[in-house]
Amino acid sequence: MCGIIGYIGDKPVAPLIIDGLKKMEYRGYDSAGIALLTENDFIVHRAQGKIKVLEKLIADEKLSMTIGVGHTRWATHGVPSEENAHPHRDDKNKIVVVQNGIIENFLELKDKLRKLGHEFSSQTDTEVIPHLIAEYFEGDLPSAVRKAIRELKGAFALVVASWEDQRLVAVREGPPMIVGRAENSRDGIGSGTIAASDIAAILEHTRSVYFLDDGEMAVLDEDSIELTDFDGNAIEKEITKITWNPIQAQKDGYQHFMQKEIFQQPESLRDTIIGRFDLEAGEIILDELAPIEKENYSNFNHVLLTACGTAWHACLVGKYLIEKFSDLRVEVDYGSELRYRDPKIDERTLFISISQSGETADTLAANRTAKEKGGTLVSICNVVGSTITRESDAVIYTRCGPEIGVASTKAFTAQLAVLVLLALNIGRVTGKISKDKCREILQELIEIPQLVRRVLKQDADLKEFSKHYRDKQDFLYLGRGINYPIALEGALKLKEISYIHAEGYPAGEMKHGPIALISSEMPIMTLVTQNNVYEKTLSNLMEVKARDGEVIAIADEGDERIGEVADHVFHVPKVSEVLSPILLTIPLQLFAYHVAVHLGCDVDQPRNLAKSVTVE
Ligand code: F6R
């Protein structure tokens, strides 16, 4: 899940590569590096740590070269260090490579290359690639790359360069790879061609791009891009126009991307739902589902939702919603688990896959398993053109704009909103719910962006309140029914950005074990809305209070009774049970964010994490 970039132009490319790497830093930040081509050599600089370390390292260098590649790393093979940082070269200094992915047979290849006299200087899987290409290189880079990649096993995206050839070759076999022609879009950029892992790195130079598919490569010259398959056959591809604004990828005055993204939720939720229903008719309009809706879902008897992390929590909410609005049997599984068991999937399975990035390797593998077994794949995704979307039978985009903060926030609430629409759609199409019921929920859904704005007004209170919890070692998050996955999500947010241990539990499970943990030192964050398990949740909280536990509750506005059991209460507007997860999520995001900031944590780039997990 590294970020890679290559640029070939008519002006010095070093600053453009550094700029592109910064835009992809969320993909990994263990080390960074750059290689520039002269007429008879490479100039390579690499540094452990974030891109600013590399930037400082090259600040006084005179780098006027017009061809180069760059890399920002999330370590998989080999510790974060300068020697393991990309770009990697062969020992004869012919070929330089940046890679995103994993070469599964690298040990075997290393062995073979060693026997041919190659010497290696890193612990990475990537280093075998330049050596292997160098073995085949006779002056024509594309043909050497083609021969070498036939021997690679795994999932990889590469940008390869050779000073002897003076072109770049971009390859995709798994992780994303986008190429485009720079359009003189900013003073000083000039013309040229560019390849990168991510649209964010390219956006400032061009809005017209090619998304390479698996098994495709691009040969980049200063003013041309030649697309071929791995056998060298030319391929025609459609140019995709990107409409994202570069401003969307900046912080807008917020201290962190995560904070900005939390506060964007009124707008992002509006964008997610807009145009997707007819209120008067009490109907959902998801044109995206047309290919699978035609048989009125009668061809399905089973729904299986899959995802990883935060998106998996959305799946759990989705199960609750689809069960409520249909007669379908619904299951949920982690992508990483499903891919290694023998799930019962067939042509009567509606397989729903949720992913912000659309590139998560485990989710992608689970999707492929489902497709192989005959399931119909509907994905709920944020990144247009991502791999998951291109392999799906239908895609419902969450439309919440780029999410840069590593901890997912606005993508999660957008996923919840899409799931409400999808479940209602299934309910309406199968006749399980009436137009009136659908209209009633839609009426509330329209108001959700506004209600989220109201909840966000508690930011200052939550900031002050959260100060008192920065020294805690452990937290328990409790919820029941549809709010249980939100307890899991609240706990995940706290642990991933503040490094405080937090666990989510269904409140009813307390007495079966976790109640033994209760003490005045472990605060309990509870989600208590006035639904069918309200009374039962209050009883669970009484049991906690009786054991000296400190209870913080997020409850409905107007709920007077909660004050009798909870030590602190934050309120959210009272809405239908199916919409409560969206509102309850907001105070939990703010709480986790402020605790992490009070602790001085790197909120946007928490340790050991990366935004897009494109490896197993
Ligand atoms: C947590 C978080 C991760 C992701 C997970 C799946 O805040 O962001 O748990 O939700 O890695 O990523 P996507 O949604 O891109 O498939």
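**Close-up 1. Backbone around Asn93.** Asn93 sits in the loop that joins S5 to strand S6 (96-103). Strands are DSSP runs of E with at least two residues, helices are runs of H or I with at least four, and both are numbered from the N terminus. Asn93 is not a glycine, yet its phi is positive, near 60°. Most residues other than glycine have a negative phi, and most peptide bonds are trans. The model is predicted: local features need pLDDT of at least 70, side-chain atom pairs count only at pLDDT 80 or more, and totals for chains, interfaces and linings use all residues. Numbering runs from 1 along each chain as its sequence is written, and side-chain values use heavy atoms, without hydrogens or water.

**Close-up 2. The cis peptide bond at His86-Pro87.** Omega is near 0° for the bond from His86 to Pro87, which is cis. Pro87 belongs to the loop between strand S4 (67-73) and strand S5 (88-89).

**Close-up 3. Backbone around Gln166.** Gln166 lies between strand S7 (154-161) and strand S8 (168-173), in the loop. Its phi is positive, about 65°, although Gln166 is not a glycine.

Close-up 4. A polar contact here pairs N or O atoms within 3.5 Å. The side chain of Ser357 places an N or O atom 2.6 Å from a ligand oxygen. For Lys493, a polar side-chain atom is 3.0 Å from an oxygen atom of the ligand. Val406 contributes a backbone N or O atom, 3.3 Å from a ligand oxygen. On its own the ligand has 410 Å² of accessible area, and the protein covers 90% of that (Shrake-Rupley method, 1.4 Å probe).

**Close-up 5. The shell around the ligand.** There are 14 residues around the ligand, and Ser355, Gln356, Ser357, Thr360 and Glu496 come nearest (near: a heavy atom within 4 Å). The shell holds 5 nonpolar, 7 polar and 2 charged residues, with Asp, Glu, Lys and Arg as charged and Gly among the polar ones. Domain 2 (261-455) and domain 3 (457-598) both supply shell residues, so the ligand lies between them. These bounds come from an automatic or database domain assignment.

Note on methods: A polar contact is a pair of N or O atoms within 3.5 Å; within protein, one must be able to donate a hydrogen and the other to accept it, and residues adjacent in sequence count only if both atoms are side-chain atoms.
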